[in-house]
Amino acid sequence: MATVQDIEIRDSAARTAAAVEELQDIPGEKMVLNMGPSHPATHGVLRIVLELDGEVITKADPDVGYLHRGDEKIAENMTYTQFIPYTDRLDYLAPLANNVAYALAVEKLLGIHDKLPPRCQYIRVMCAELARISAHLLGLGAFAMDTGAVTVFLLTFTEREKIYNLAEAASGARLTTSYTRIGGLMRDIPPTWCDQIRQFLKEFAVALAEAETLLTRNRIWVDRLRDLAVVSKEMAIDYGLSGPNLRGSGVDFDLRKAQPYLCYKDLEFDIPIGAVGDCYDRYLVRMEEMRQSMRILEQCLNKIPGGADNKTKEPVNVADGKITMPSKQKVMSSMEELIHQFMLVTEGVNCPPGEIYFGHENPKGELGFYINSKGGGTPYRLKIRAPSFINLSILGELIPGAMISDVPVILGSLDFVMGESDR
Amino acid sequence: MSALESANKIKAKFGDLISEPTEFRGEITIKLADAEQIFEVCNFAKRQLGFDYLVDISSVDNYGEDPRWTVIYELRSLANNVELRLKTDVSEEKSELPSVLGVWRTANWHEREIYDMMGIRFSGHPDLRRILMWEGYPYFQLRKDFPLAGKPTDLPGVAFTQPAPLEGGPFVTIPSSGDAIGREPRVRTPEE
């Protein structure tokens, strides 16, 4: 005779609670695991010492400094202009944005930051926004690849290649651009540059939409990112997060809006913010920021003074022989310009004594320069506020409680670069 | 509330400990005379004046002067969009000031970095280790008396044992507003 037996099916939360209770009875010891410094998911040379209880992380101690080159020490020993190539190597995924940030900081010390020619301002904004797209594309590609979606990486790298071509057309170099100078730019953009950007924007819009279809509503992607490593608004502010990581937590703060520099106040764009502060929000914020950057670029293309080919000969440098280099022809033919050129090369731009801090909205967050000057052509002290360094300091709080397989996702969503973090 | 008003409020609260606010390039700076009070001042600025965001902490080595160290706090209020710079001096004999980790948690890594680079200690910091350099490195390399070329050390393989490739130039200049010969050691002395 068959008997009927009731089977109790509990919901998943109750099952997990029971499993945890069961686990507590099993004695075990914690294991320490070294992740990095040479690990594909750490995007460089970050080392994290993880303490594990089974597969759950109970403690995480990030160890940075493997890429320390002493940039701040080096800066004290050379002129302001000579340090520009070093800024390329801070956030090496967005060298153009670093160049702009550094030049603006020195210009603030000189007191000429609001006297920049409009054409220079527009070109710098275009450089910064191209750099933002480029950095976010790499961040997104690597993030998706670490999570298992390799296709996105190929898509984004194809687009990044075009931005490298644009950087090469403007500055002559693909990675180490050094495009800005104190008080202006190395040179004007080539006449075809604006058309190249238009072409790029057309193709990029398609690629971005494609990447978005692959990820944004992808079940696996959403499941792995949502509700993971939630950073509350208060925590984000307390830890000094900046950039997309701060805005992903719902803090409406962007230096381009809060303290508009260059020509950002003449441009229309929106600041995306997240609602929850999890990995998925940070991903969405970056996606939207790329679209806003496209919007800014389109406006710049239409509004740039002098147009693409600069028929009206708009200047790109501040008209001050004591700050920007005179043209070669004038150096060869006029005494005064020869003296200026000589002084600029041998002594550097003569900055007044004083101290300033300038923060620039870089792709990774707020890249700040504190410059302490005692006068003359070299800084007495130059401190770099590296956004990646500060964004990483939250790891010790963010990782514990997550599983090992969540770590690459968390790291990818914070989107840091060690060249900048370690300086 | 503007930065100047905030600075005056801090001055009203702490009196003579706080200097008159100075302005340079639109930035307001105040200086705290007694570094031991830094925690109280920061705490007041955060709780009462809304400076909820610590942008950065920098340090300067005023080599040859007394007090030798200056520590600089860049405060920001996100709600009011106001920035204020707070400075304080620390003498070389003491080389220690209270940690502001209890006010902003972001101060943790900033203070570790200053300890690592300059050798200024922060009392009350729970985990004051080197951060960019490795544990056991014998020098503080951002001090002005540490040469750009590095220093020989008794710990072979741990710190520099060879002069750095940049030693002697071509880019090396000595910071001062003096003439080119003084600043660039490698420049040729003109014949008298």
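1. Over how many bridges do strand β2 and β3 of chain A pair, and in which sense? The answer is seven bridges, in the antiparallel sense, with β2(A) made up of residues 47-53. One pair can be picked out by eye: the bridge partner of Leu52(A) is Ile57(A), which sits in β3(A). The model is a predicted one, and every point below should be read with that in mind.

2. The two strands belong to an open sheet of three strands in chain A, ordered β1-β2-β3 with antiparallel pairing. β1 (31-35) and β3 (56-63) of chain A are the edge strands; each has a single partner strand, so one side of each has no neighbour in the sheet. On average, neighbouring strands here are turned by 20 degrees against each other, direction ignored.

3. Chain A also has an open sheet of three strands in the order β6-β7-β8, again with antiparallel pairing. Its edges are β6 (354-362) and β8 (381-385) of chain A, and since each has a single partner strand, one side of each is left without a neighbour in the sheet. From one strand to the next, the twist averages 10 degrees.

4. Within that sheet, strand β7 (residues 365-373) of chain A is joined to β8(A) by five bridges, and the two run antiparallel. Gly368(A) stands opposite Arg385(A), a residue of β8(A).

5. Helix α6 of chain A covers residues 150-171, which is 22 residues. From its first C-alpha to its last it reaches 31 Å, close to the 32 Å expected at 1.5 Å a residue. After α6(A) comes Gly172(A), whose phi is positive, near 95 degrees.

6. Which residues of α6(A) are buried? They are Val152(A), Thr156(A), Glu159(A), Lys162(A), Ile163(A), Leu166(A), Ala167(A), Ala170(A) and Ser171(A). Looking down the axis of α6(A), the buried residues fall within an arc of 160 degrees, so they line one face of the helix. On the other side of α6(A), Val150(A), Leu154(A) and Glu161(A) are exposed. The cover over the buried residues of α6(A) includes α4 (95-110), α5 (118-147) and α7 (193-215) of chain A.

7. Two loop residues of chain A deserve a look at their backbone angles. Asn310(A) has a phi near 55 degrees, a positive value in a residue other than glycine. Its loop lies between α12 (279-303) and α13 (328-333) of chain A. Is Asn310(A) buried, exposed or partly exposed? Asn310(A) counts as partly exposed because it has 16 C-beta neighbours inside 10 Å, and a residue needs 20 or more to be buried.

8. The other residue is Asp415(A), with a phi near 50 degrees, also positive in a residue other than glycine. Asp415(A) is placed in the loop between α17 (407-414) and α18 (418-422) of chain A. Because Asp415(A) has 27 C-beta neighbours inside 10 Å, it counts as buried.

9. Chain B contains four helices and seven strands. Along the sequence they follow the pattern α-β-β-α-β-β-β-β-α-β-α. Chain B has 192 residues, of which 35% count as buried. Among its contacts between residues at least 6 apart in sequence, 45% join residues at least 24 apart.

10. The bond from Asp66(B) to Pro67(B) is cis, with omega near -5 degrees. Pro67(B) is located in the loop between β3 and β4 of chain B.

11. Where the chains meet, the contact takes 33 residues from chain B and 41 residues from chain A. On the chain B side, β3 (53-61), β4 (69-77) and α3 (107-118) each supply at least two residues. β3(B) gives the largest share of that side, six residues. Sorted by class, the side of chain B that touches chain A has 18 nonpolar, eight polar and seven charged residues.

Notes:
Residues numbered from 1 in each chain as written. Chains lettered and ligands numbered in written order. Predicted model: local features only at pLDDT ≥ 70, side-chain atom pairs only at ≥ 80, totals over all residues. Expected span 1.5 Å × (residues − 1). Buried ≥ 20, exposed ≤ 12 C-beta atoms within 10 Å, placed from the backbone. Arc of directions from axis to C-beta. Contact = placed C-beta atoms within 7 Å. Nonpolar A, V, L, I, M, F, W, Y, C, P; charged D, E, K, R; others polar. Pairing = 2+ DSSP bridges. Axes fitted to C-alpha atoms, helices over the stretch in contact; angles between N-to-C directions.
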